[in-house]
Amino acid sequence: MENEDLVVQEKTDLNLATPCGGYCSECQYYKKTCPGCGYVKGKPFWGECRFYSCVREKNVEHCGLCPEFPCNYFLSIYDPNEGAWRVFYRAGQLAYRKKIGTKAWLEEKMAGKNRDPKHQK
């Protein structure tokens, strides 16, 4: 029963749902150098996350709930090695998360549904 409780907790762990539209378990740094975006409170190993501080200032759970979404900053942040499509992927994830709720979104992610195409084999 204890193991089941841990699985359920991770499925609905809001700290793994990033403000910018990512899911920590799909990140290459998760559990290696980062315990999850919510756990580091916007201060990952690489510096300070402006998305995290912005959603806190605006008192919203994630960028998709902000009335200014998608702002110029959101649209300009992506890894140039991956291309601008990452912005649209994150925006889509945030719109979907807004529609179904973060808990349901996390459960889908944990179940392997709605996977990031970057990580599909």
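A residue counts as buried when its relative accessible area is under 20%, as exposed when it is over 50%, and as partly exposed in between. Keep in mind that this is a predicted model.

**Exercise 1. The overall layout**

Task: Find how many helices and strands the chain has, and what share of its residues is buried.

Solution: 
- Step 1: Count the elements. The chain has five helices and zero strands, and read from the N terminus the order is α-α-α-α-α.
- Step 2: Turn to burial. Of the 121 residues in the chain, 33% are buried.
- Step 3: The accessible surface is about 7,800 Å², and carbon and sulfur atoms account for 54% of it.
- Step 4: Check the contacts. Taking contacts between residues at least 6 apart in sequence, 51% join residues at least 24 apart.

**Exercise 2. Two sides of a helix**

Task: Work out which residues of helix 2 are buried and which exposed residues sit on the face turned away from them.

Solution: 
- Step 1: Recall the geometry. An α-helix has 3.6 residues a turn, so residues three or four places apart point the same way.
- Step 2: List the buried residues. In helix 2 these are Phe51, Tyr52 and Val55. They span an arc of only 100 degrees around the axis, which means they lie on the same side of helix 2.
- Step 3: Go to the opposite face. Arg50 and Glu57 are exposed residues on the face turned away from the buried side of helix 2.
- Step 4: Ask what does the covering. Helix 3 and helix 4 are among the parts that cover the buried residues of helix 2.
- Step 5: Look just past the end of helix 2. There, asparagine 59 has a positive phi of about 60 degrees.

**Exercise 3. Salt bridges across the chain**

Solution: 
- Step 1: Start with the idea. Side chains of opposite charge can pair when their charged atoms come close. The structure holds five salt bridges.
- Step 2: Take lysine 58 and glutamate 68, whose side chains form a salt bridge at 2.8 Å, N to O. Lysine 58 is partly exposed, at a relative accessible area of 32%.
- Step 3: Take arginine 97 and glutamate 61, which form a salt bridge at 3.5 Å, N to O.
- Step 4: Apply the cut-offs. Arginine 97 has a relative accessible area of 2%, so arginine 97 is buried. Glutamate 61, at 38%, is partly exposed.
- Step 5: Take aspartate 116 and arginine 86, with closest N and O atoms 2.8 Å apart. Together with Glu82, Arg86 and Asp116 are linked in a network of salt bridges.

**Exercise 4. The span of helix 4**

Task: How many residues does helix 4 have, and what distance does it reach from its first C-alpha to its last?

Solution: 
- Step 1: Helix 4 has 16 residues.
- Step 2: At 1.5 Å a residue, the expected span is 22 Å, and the 23 Å that helix 4 reaches is close to this.
- Step 3: Note the burial. Among the buried residues of helix 4 are Val87, Tyr89 and Leu94, and what covers the buried residues of helix 4 includes helix 2, helix 3 and helix 5.

Methods. Residues are numbered from 1 along each chain as its sequence is written. This is a predicted model: local features need pLDDT of at least 70, side-chain atom pairs count only at pLDDT 80 or more; totals for chains, interfaces and linings use all residues. Side-chain values use heavy atoms; hydrogens and water are left out. Helices (H or I, at least four residues) and strands (E, at least two) are DSSP runs, numbered from the N terminus. Buried means under 20% relative accessible area, exposed over 50%, partly exposed in between (1.4 Å probe, protein chains only). Contact means heavy atoms within 4.5 Å. Accessible areas come from the Shrake-Rupley method with a 1.4 Å probe; for residues, only the protein chains shown count as cover. A salt bridge is a side-chain nitrogen of Lys or Arg within 4 Å of a carboxyl oxygen of Asp or Glu. The arc is that of the directions from the helix axis to the C-beta atoms. The expected span of a helix is 1.5 Å times one less than its number of residues.
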